[in-house]
Amino acid sequence: MSNSKATVLLGTHFSGKSTFFKHIKFLRLNQNIEDKESLSNLIKDNCKHKIEGFLLFIKEKGNELNLTTDIEDTINHIIEKQDYAQKLFELINKSEFQKIYKQLPNYYLDNNKYFLDNASRILDKSFIAEYSDFLGNNEMTSGVSELQIEDSGMNLTLFDVGGRRQYRRSWITCFMDLDCVLFFVNLTEYAQTLYEDNEVNRMRESLTLFENVSSNNFLQSATLILVLTHYDTFEELLSIYPLSKTFDDYIESNEKDCALNFIQDKFKATAKKDITIVTTNLLDRQGALKVFDLMKSKFN
Ligand SMILES: Nc1nc2c(ncn2[C@@H]2O[C@H](COP(=O)(O)OP(=O)(O)O)[C@@H](O)[C@H]2O)c(=O)[nH]1
Ligand SMILES: [Mg+2]
């Protein structure tokens, strides 16, 4: 048996492919973050951009949310004056404002939660990005990135690819001689649509894509692992955005893992070959290692 193994990471955008790739790169190559200053500035800009989008969204929903005049005025001030300092920190730390935004599905989607929860630290003058910021921030992947590592006596190659529709054409270039496909699905995407087409639910797109991948002729001999990510925010989101809004065949339940089982069953039913499923939180290093170890166990 060859000791060279190749794995591709597939899935729609924001499903966690690059986060997993970053973890493995850092853990196995013992790398440090290069150019922390540029990264810190980039994260600051992304944070401002995200928060502005979030505040605009809240402002638009103003009446529905029963915002007080004080909160409304503060939001207007921050947006108009681009004042991402004291006023913003005061606002997002106000318990009455927290009660409002923590009830919005948007808070749990994309990486809004990371940016809002960490805004005071990130927007502080002395901010220097840490490993957790490197993971929490996201950059869109367009081309194919390759990582070669040695682990447990094996030469492992990982390919990370772009998840948006326009980048999926390049996926096929990585499909030759693969041993494993890690197919990433963000569990919170049932409440989202695609960036490319806001008429299409993201989890439905994942289901179609998963079916195509599982029936692809080039991938028949590869092990297929479904990696369900964002488990940490999934539970919180379920309580404010019911799964039955997306899947009308889902019967709402208070049972902890009912929604998770329902989603797993949907993917199992579409798969055209055997699959293994793992559920994880990729912001946690152990969460990434759980996936990595499972993948390696398939090579033994
Ligand atoms: N809360 C949470 N965030 C995650 C998880 N996995 C990835 N993310 C975040 O989701 C965003 C998109 O992840 P990324 O790996 O860039 O997705 P990709 O488009 O599939 O490469 C990043 O900001 C990550 O920090 C997870 O399990 N839980
Ligand atoms: Mg990516």
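This is a predicted model: local features need pLDDT of at least 70, side-chain atom pairs count only at pLDDT 80 or more; totals for chains, interfaces and linings use all residues.
Residues are numbered from 1 along each chain as its sequence is written, with chains lettered from A and ligands numbered from 1 in the order in which they are written.

The protein is divided into domain 1 (4–32 + 141–297) and domain 2 (36–128), the bounds being taken from an automatic or database domain assignment. A distance of 29 Å separates the C-alpha centres of domain 1 and domain 2. Nine residues of domain 1 are in contact with six residues of domain 2, contact being defined by C-beta atoms, placed from the backbone, that lie within 7 Å. The side of domain 1 that touches domain 2 comprises five nonpolar, three polar and one charged residues; Ala, Val, Leu, Ile, Met, Phe, Trp, Tyr, Cys and Pro count as nonpolar, Asp, Glu, Lys and Arg as charged, and the others, Gly among them, as polar.

Strand β1 spans residues 4–10, of which five of seven are buried. A residue is termed buried if 20 or more other C-beta atoms lie within 10 Å of its own, exposed if 12 or fewer, and partly exposed in between, with C-beta atoms placed from the backbone. Strands (E, at least two residues) and helices (H or I, at least four) are DSSP runs numbered from the N terminus, and two strands pair if DSSP finds at least two bridges between them. Strand β1 pairs in the parallel sense with β3 (residues 154–160) over six bridges, with S4 opposite N155 of β3. Four bridges also join β1 to β4 (residues 180–186), again in parallel; here V181 of β4 is the bridge partner of V8.

Helices α3 (residues 69–81) and α4 (residues 86–93) pack at an angle of about 145°, their axes lying 10 Å apart. Axes are lines fitted to C-alpha atoms, for helices over the stretch in contact, and angles run from 0 to 180 degrees between N-to-C directions. T74, H77 and I78 of α3 and K87, L88 and L91 of α4 make the contact, which by class has three nonpolar, two polar and one charged residues.

L109 is located in the loop between α6 (105–108) and α7 (112–122). This residue, L109, is buried because 20 other C-beta atoms lie within 10 Å. Residues up to four places away in sequence being excluded, L109 touches T188, A191 and Q192. L109 and H230, 121 residues apart in sequence, are 9.5 Å apart in space, C-alpha to C-alpha.

Methods
Two residues are in contact if their C-beta atoms, placed from the backbone, lie within 7 Å.
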